[in-house]
Amino acid sequence: MTDPVPIAMGQGSSCWGCFQSLVDIHLGLADVLPLLDIKYWQAVADFKLHHLESYPDKSVVVGLYEGMARTEEDVHLLKLMRDKCQILIAFGSCSCFGGIPGMANFSDIEECCDVKFRNNRTVKGGKVPSENVPPLEKTVKPNNSYVDFDIYLPGCPPTSKVIATAVNALLTGRPIELPAHAVCHYCEREKKEEPVESWLRDFQGISDPDRCLLEQGYLCLGSSTWGVCEAQCPNAGAPCKGCHGPVGHFVDHGAASIAMLGSYGPLEAEEMKAQIKDPLGSFWRFTYPASHLGQIRLRREGKK
Ligand code: SF4
Ligand code: SF4
Ligand code: SF4
């Protein structure tokens, strides 16, 4: 048997959903775990940050970084992972694009602290904590503005199937082969090529289970989103929210999604504005910090 491969899993600010998806491989892990020598994984293995800091540079073969760098501690861990790992994977959409926590950039840091602490009735005294917690970064910058990644594995979270494919390929030295098309390609719903008359929110009406959700007026981002998940949401009855990001990296996913709406629902701009209540959250939910629009926001915050 060959020697186990040294691997490290780093967690920035995140919900742990991506690592949960890895654990959800269940029995498949029985084949993979003996091949791994886990060198660092905060929540699972009893290694401390100083252990990771003490390893020689590039002594860990594969590193996965989940989450984004919201605190100074997250930034330190991210840079450390880059130093120590030969192959660094941006694991999940937070790590690839800023993800759900990246929506914090819709507001500035003081507004975020108002909502979370000062005006939050469940927080005693309404104070922003300053002891025993790492200082916050002013904005959520994309992780790849701090370090380079070798592989991007988006998804909120990436599916267990995709993680198993990627890990097995890495361990056997094969290329990672992932589905190449947009979500629509894998969707079983019928398209009738009829224009949308009005946009609906998910809770409005009852959708036809066989017909394209977008053509029924539900905001389904399947045609602008990378279908690595093989259309698991629309095939199960829910519109695609775009969690795997754009087809092809670093295109503005929100702008591509809005352009797609223009061709499906040829409504006047004012009419669309009235019907789509939360454009930023609807179209840039997972990719705002990495998008062109999000970059403008970051530049503006940087000048303050
Ligand atoms: S990508 Fe989604 S599942 Fe993964 S850490 Fe971020 S919010 Fe959680
Ligand atoms: S837009 Fe959504 S529902 Fe329609 S075909 Fe594409 S993925 Fe399926
Ligand atoms: S269908 Fe869309 S929202 Fe659902 S997992 Fe796939 S990319 Fe994410």
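This is a predicted model: local features need pLDDT of at least 70, side-chain atom pairs count only at pLDDT 80 or more; totals for chains, interfaces and linings use all residues.

Reader: Which sense do E3 and E4 pair in, and over how many bridges?

Author: Parallel again, over six bridges. Here Val60 stands opposite Cys85 in E4.

Reader: Why is the unit of E3, H4 and E4 called right-handed?

Author: A crossover is right-handed if, with the strands pointing away from the viewer, the path from the first strand over the helix to the second runs clockwise. E3, H4 and E4 make a β-α-β unit of that hand.

Reader: How do you know whether E4 is mostly covered or mostly open?

Author: Count C-beta atoms, placed from the backbone: a residue is buried if 20 or more others lie within 10 Å of its own, exposed if 12 or fewer, and partly exposed in between. Five of the seven residues in E4 are buried, so the strand is mostly covered.

Reader: Then why is His185 called partly exposed?

Author: His185 has 14 other C-beta atoms within 10 Å, and that falls between 12 and 20, so partly exposed is the label. His185 lies in helix H8, and its C-alpha atom is 9.7 Å from that of Trp226, 41 residues apart along the chain.

Reader: And what makes Pro134 partly exposed?

Author: Pro134 has 13 other C-beta atoms within 10 Å, so it also falls in between. Pro134 lies in the loop between helix H6 (109-118) and E5. Not counting residues up to four places away in sequence, Pro134 touches Thr71, Glu72 and Glu73; contact requires C-beta atoms, placed from the backbone, within 7 Å. The C-alpha atoms of Pro134 and Glu72 are separated by 6.3 Å.

Reader: What makes the largest nonpolar core a core?

Author: It's a set of buried Ala, Val, Leu, Ile, Met, Phe, Trp, Tyr and Cys residues joined through C-beta atoms within 7 Å. The largest has 57 residues, and Tyr65 and Phe91 are among those that touch the most other members. E4 gives the largest share, five residues. Leaving aside neighbours within four places in sequence, the contacts of Tyr65 include Leu78, Met81, Ala90 and Phe91.

Reader: Which residues come nearest to ligand 2?

Author: Cys184, Cys187, Cys212, Cys220 and Gly222, out of 14 around it. A residue counts as near if its C-beta atom, placed from the backbone, lies within 6 Å of the molecule.

Reader: How does the shell around ligand 2 divide by class?

Author: Into 10 nonpolar, two polar and two charged residues. Ala, Val, Leu, Ile, Met, Phe, Trp, Tyr, Cys and Pro count as nonpolar, Asp, Glu, Lys and Arg as charged, and the others, Gly among them, as polar. Around ligand 1, the shell has six nonpolar, six polar and one charged residues.

Notes. Residues are numbered from 1 along each chain as its sequence is written. Chains are lettered from A and ligands numbered from 1 in the order in which they are written. Helices (H or I, at least four residues) and strands (E, at least two) are DSSP runs, numbered from the N terminus. Two residues are in contact if their C-beta atoms, placed from the backbone, lie within 7 Å. Two strands pair if DSSP finds at least two bridges between them.
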